[in-house]
Amino acid sequence: LPYEQGQCVFTCTGTTPGPGTEKHLNKLLKAELFSCFAVATAGRNLIGAEKALRDLETSTLKFNAEDMPGAQAALQLFCTAATLGLPPEYEAAKKAVYSATGIKDLPPEMVRTALQKALLSNEPQLISPLLNAGALAFAGLGAGSLIGLGATPCNMLCRFFALLYKTKGSAEELCSALNYTRSFLNDLLWLERVFNAPRPEDTDSLKKIIKGGMPCPYSELNDLFEALAPGSGYDSSLLLKLEKSGEPYAICHLAIGEGELALAGVPRERQGAIHAALFEAVFRSPALNHRGVLLKMAAELNTAAGG
């Protein structure tokens, strides 16, 4: 039973074909074609990779959630295209993604890797085929215009926020589906809150907005907002004025660190809470931000807590 397709040849001799022979041969063929695809992709032979993918997609065994080498191959080709960022590779990857019947059922961790590679590439709009093919529907991301996505700062936080903005996605749904950390979710929610807030007119209003610190540099914050909505950036001169004033707006600006609270007799289990309370006090009254003053306040807070 010779079966030839591309460079793959299988021959079955000396046996009587049984009911499962054709299915078994197709599985072997798919495994071999997937191997050919991987070799072609690794060698950046996109023509060979696209041919192997077409062979995978036209083989007789249907794909399902457990056996979908064609969809996996399409995603691998997509990752290669995102890494290279060249038009021929992108066109091959786009055809592959649209033709892969099992693309919607791929494991989330596999899609997450491809999404991250594309987002951090020079051409993050390459994600469009994945969105349009429904590969990211499980994370609440649908089709949308990604024009201008490449103008945003090239880091995970900014690119994911821009993607959510352009696809009207939910940060909570995205992070839950892709298993991102609570910290990353909080940073996305912080950006959403600040992006939607009125722009500050003075250092006091800016200080309230960025209280606790920013998850990305101020310059990136401005570039991100400008890329998404021209004219929505922040006045960089306000941050310069705030920094020159020396007024603390993040807990790292306190005159003492959390570990130093032991000098005031604060036990380890209370240090985090008391350090946070000191920051709140200093945020309201910057004149309190002196080491001796804060140590005294820490001792008083510890005593009040039963220390």
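1. In this predicted model, the cover over the buried residues of helix 9 includes helix 7, helix 8, helix 10 (203-209) and helix 11. The residues in question are Phe 184, Leu 185, Leu 188, Trp 190, Leu 191, Val 194 and Phe 195.

2. Helix 9 (residues 182-196) packs on helix 11 (residues 218-228) at an angle of about 65°, the axes being 12 Å apart. Angles of 65 to 115 degrees count as roughly perpendicular, and the two helices are therefore placed in that class. The crossing of helix 9 past helix 11 is right-handed.

3. On the helix 9 side, this contact is made by Trp 190, Leu 191, Val 194 and Phe 195; on the helix 11 side, by Leu 221, Leu 224, Phe 225 and Leu 228. Sorted by class, the contact has eight nonpolar residues, no polar and no charged ones.

4. Helix 7 (residues 156-167) is largely enclosed by the rest of the structure, because 10 of its 12 residues are buried. Those buried include Arg 159, Lys 166 and Thr 167, along with Leu 157, Cys 158, Phe 160, Phe 161, Ala 162, Leu 163 and Leu 164. They pack against helix 5 (108-119), helix 6 (128-132), helix 8 (171-178), helix 9 and helix 11.

5. The span of helix 7 also agrees with expectation: 16 Å for 12 residues at 1.5 Å a residue, with 16 Å between its end C-alpha atoms.

Key:
Residues are numbered from 1 along each chain as its sequence is written. This is a predicted model: local features need pLDDT of at least 70, side-chain atom pairs count only at pLDDT 80 or more; totals for chains, interfaces and linings use all residues. Side-chain values use heavy atoms; hydrogens and water are left out. Axes are lines fitted to C-alpha atoms, for helices over the stretch in contact, and angles run from 0 to 180 degrees between N-to-C directions. Helices (H or I, at least four residues) and strands (E, at least two) are DSSP runs, numbered from the N terminus. Angles under 35 degrees count as roughly parallel, over 145 as roughly antiparallel, 65 to 115 as roughly perpendicular and the rest as oblique. A crossing is left-handed if the near helix is turned anticlockwise from the far one by less than a right angle, and right-handed if clockwise. Contact means heavy atoms within 4.5 Å. Ala, Val, Leu, Ile, Met, Phe, Trp, Tyr, Cys and Pro count as nonpolar, Asp, Glu, Lys and Arg as charged, and the others, Gly among them, as polar. The expected span of a helix is 1.5 Å times one less than its number of residues. Buried means under 20% relative accessible area, exposed over 50%, partly exposed in between (1.4 Å probe, protein chains only).
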